[in-house]
Each structure stands twice: as C-alpha cells, then as structure tokens.
Amino acid sequence: MKALRILVVEDDVTIGGLLAETLEDLGHVVCAVETNAANAVAAAALHHPDLMIVDVGLGEASGVAAVKEILRSGFVPHVFATGDALRDLSLGPEAVLIQKPFRGPDIVHAIERALAAKPARTGVAPAAS
C-alpha cells in the first residue's frame, strides 16, 4: 500500500495520538489530528487528505456530520471508528466502520476497504487524467 496522507479526527487526545503513531509506523503521513468537527472540516480543506479516520462521536458534535460536510467538497475515502456497540448508523454506502479498541491489522483492513469503496454519485464528472 502506498503512503497516504491521513486526517485523524478523535476527541480523546490519547487515542488520537496512538492512532497517529500507528499510522506513521505503517508508513503513512498524518497531516493532522483534530479533536472536534469544526477543526476537522478546516483541516480537510487545508490538507486535502487521501483518507480520513473519524470518531463517530466527538462529544460536542457528530463525526458523521463532520464527514458529510467535508464530502460536500468532494469524495475522500473514510473510516469511522466507534467505541460504542455497533449499531444501525446512517453512514452512507461507502463508509467503513471499525470497532474500538482496534489493532494494527484491523486498521490496515479498514483502510483497504475504504480505498476500495466507490463514492456515491455526485453529478460531477471525474477529472480527466
């Protein structure tokens, strides 16, 4: 897997730091670790990450709402993380959900699934290469 620029959004500073460290150990670049939805949206606009790993519940706001806002500017593969029991969440067809606590192989598998996901049709034609 090629190195990715990853945005981590996690309201628990310890978990966010450990996740960033794990991702860097896997050869990725963590462009930002944000703890709230507003900063996550701003960081995504600034850094244009290849992938986002976002906590579902961010305390003051929903990680799901932050991702929906970010995706308005264009699709970014993403992984949602939750410490809650997996429940029926409306995350969208391209979303990948990972249960906390997770280990390195779980993260690798989730990233692979997220990168393989097809974005929902937006009505925007893909850029020619």
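Helices (H or I, at least four residues) and strands (E, at least two) are DSSP runs, numbered from the N terminus. The model is predicted, so local features need pLDDT of at least 70 and side-chain atom pairs count only at pLDDT 80 or more, while totals for chains, interfaces and linings use all residues. Residue numbers start from 1 along each chain as its sequence is written, and side-chain values use heavy atoms, leaving out hydrogens and water.

Is Lys-100 buried or exposed? Lys-100 is buried, with a relative accessible area of 15%; buried means under 20%, exposed over 50% and partly exposed in between, using a 1.4 Å probe and protein chains only. Leaving aside residues up to four places away in sequence, Lys-100 touches Glu-10, Asp-55, Ala-81, Thr-82 and Gly-83 (contact means heavy atoms within 4.5 Å). Thr-82 is 18 residues away along the chain, yet its C-alpha atom is 5.6 Å from that of Lys-100. With Asp-55, Lys-100 makes a side-chain to side-chain polar contact at 3.3 Å. A polar contact is a pair of N or O atoms within 3.5 Å; within protein, one must be able to donate a hydrogen and the other to accept it, and residues adjacent in sequence count only if both atoms are side-chain atoms.

## The sheet

Now for the strands. Five of them form an open sheet with parallel pairing, in the order E2-E1-E3-E4-E5. Two strands pair if DSSP finds at least two bridges between them. At the edges are E2 (29-34) and E5 (96-99), each pairing on one side only.

Strand E1 (residues 5-9) pairs with E3 (residues 51-55) over four bridges, and Val-8 stands opposite Ile-53 in E3.

## Helix H2 and its two sides

Which residues of helix H2 (residues 37-47) are buried? They are Ala-37, Ala-40, Ala-43 and Ala-44. Seen down the axis of H2, these residues fall within an arc of 120 degrees, so they line one face of the helix; the arc is that of the directions from the helix axis to the C-beta atoms. Their cover includes E1, E2 and H3. On the other side of H2, Ala-38, Ala-45 and Leu-46 are exposed.

Finally, look at the ends. Asn-36 caps the N-terminal end of H2, with a side-chain oxygen 3.2 Å from the backbone nitrogen of Ala-38. After H2 comes His-48, which has a positive phi near 45 degrees.
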